[in-house]
Amino acid sequence: MDEPPHLRPGRRTAAWAGGLLLAVPAVVTCCRLLDTDAVTPVPQLLSFLPWLTVPAGLAVLLAAFARRRGLALLAAAVLAGTLWTLLPYGPDTTTARGPVAARVRVLAANVEYGRATEALIATIRRERPQLVYVSECDRACGRAVTGAFAAELPHHASVDADGSLGSVLLSAHPLRDRATVPGAMGMPGATTDIGGRAVRVQLAHPLPPTPGRVHRWKRELAALRDEAARRAPAPLLLAGDFNASQDHAALRAVLDAGRLHDAARLAGSARTPTWPLGSPLPPYVQIDHVLVSDDFAVRDVRFLDLAGTDHRAVLADLDLHTGR
């Protein structure tokens, strides 16, 4: 029996609405599946990928209501692809071998132009990490944290600069071979000895993928990728504010090139959002990471709120194995 004429406009409207809702999830999910960050606005929208299941799901319902079989099948395919991308990236364990050489606690924090310096100092005193990676640590922040922990974390590598450009890496163990990865914001690194093994420690803080800066964001993540590949397969701890989630191809390239694992993924917390705090939107994306080489096993990862910054800090408890 034919549909009554007065119902047809409603179904046409539903079909149009479903198509419009499907457009963004279709493009973004396609780019994710094709392993590309493409160009603006795709890198920015990839940060919302888990949440794009909502418009994709609504598109399925609207297409079904509109009785548009082709649109319904397309919407169902996009929804399935989007749901598939929600799976954590990479293996769920490392291949660390041999006895445990040392236990290491790592803290990575973005203190937003130094505003969260006091909260960071209180957190370090409470949690007692052996390695601390601090992004957006301006000159005053650098003086404060190195002075406060001159006994507990006496060794540091830093880029001394104002605002978001400064960074500091503090260590309980002596540091050597200090070097920086090139980027607009400071990314210091060094080599330290932990449990009888030489471990490379490298801070990450590439530019965010804002419109007009996507090419620079890709270039700086590529520099981190090259650094990780150059250090593989030696022990490496690469941590900080990556301004990228597991849904960005540029970050996945860093993981793959360095044979690295996201500690949060290994701890079952791959989708825990770390940004933005204190904004009208709740935190919706994990861009702060502690990446570990296969020499480490992850015992625990926690995410800590620091007053004064829009980032959650990442605290990782690791076991460094002998490798034999």
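This is a predicted model: local features need pLDDT of at least 70, side-chain atom pairs count only at pLDDT 80 or more; totals for chains, interfaces and linings use all residues.
Local features were required to have pLDDT of at least 70 and side-chain atom pairs pLDDT 80 or more, while totals for chains, interfaces and linings use all residues. Residues are numbered from 1 along each chain as its sequence is written, and side-chain values use heavy atoms, without hydrogens or water.

The chain contains nine helices and twelve strands. Helices (H or I, at least four residues) and strands (E, at least two) are DSSP runs, numbered from the N terminus. The C-alpha trace spans about 85 × 45 × 35 Å along its principal axes. Of the 324 residues, 53% are buried. Here buried means under 20% relative accessible area, exposed means over 50%, and partly exposed lies in between (1.4 Å probe, protein chains only). The accessible surface comes to about 14,300 Å², and carbon and sulfur atoms account for 59% of that area. Areas were computed by the Shrake-Rupley method with a 1.4 Å probe; for residues, only the protein chains shown count as cover. Among contacts (heavy atoms within 4.5 Å) between residues at least 6 apart in sequence, 67% join residues at least 24 apart.

Helix H4 covers residues 69-85. Its 17 residues should span 24 Å at 1.5 Å a residue, and the end C-alpha atoms lie 25 Å apart, which agrees. The expected span is 1.5 Å times one less than the number of residues. Buried residues of H4 are Leu71, Ala72, Ala75, Val78, Gly81, Thr82 and Thr85. Their cover includes H1 and H3. Leu21, Val54, Leu58 and Leu61 form a nonpolar surface patch of about 350 Å². Patches consist of residues with over 30% relative accessible area and no salt bridge; like charges are joined within 9 Å, and nonpolar side chains (Val, Leu, Ile, Met, Phe, Trp, Tyr) within 5 Å. Helix H3 (residues 53-66) supplies the largest share of the nonpolar patch, three residues. Leucine 21 sits in helix H1 (residues 8-33).

The structure holds one disulfide, defined as a pair of cysteine sulfur atoms within 2.5 Å. Cysteine 137 is joined to cysteine 141, with an S to S distance of 2.1 Å. The torsion about this S-S bond is about -100°, so the disulfide is left-handed. Both partners are buried: cysteine 137 has 3% relative accessibility and cysteine 141 has 1%. Cysteine 30 is in no disulfide; its nearest cysteine sulfur, that of cysteine 31, is 5.9 Å away. Cysteine 30 is partly exposed at 40%, whereas cysteine 31 is buried at 11%.

A search of the whole structure finds 20 salt bridges. The criterion is a side-chain nitrogen of Lys or Arg within 4 Å of a carboxyl oxygen of Asp or Glu. Glutamate 127 pairs with arginine 105 at 3.4 Å, N to O. This pair links distant parts of the chain, helix H5 (residues 117-127) and strand E1 (residues 100-110), across 22 residues. Glutamate 127 is buried, at 10% relative accessible area.

Glutamate 227 forms a salt bridge with arginine 200, the closest N and O atoms being 4.0 Å apart. Glutamate 227 and arginine 200 are buried. Glutamate 227 also meets arginine 230 in a salt bridge of 3.0 Å, N to O. Arginine 230 and glutamate 227 are three residues apart in helix H7, so about one helical turn separates them. Arginine 230 is exposed at 57%, while glutamate 227 is buried at 11%.
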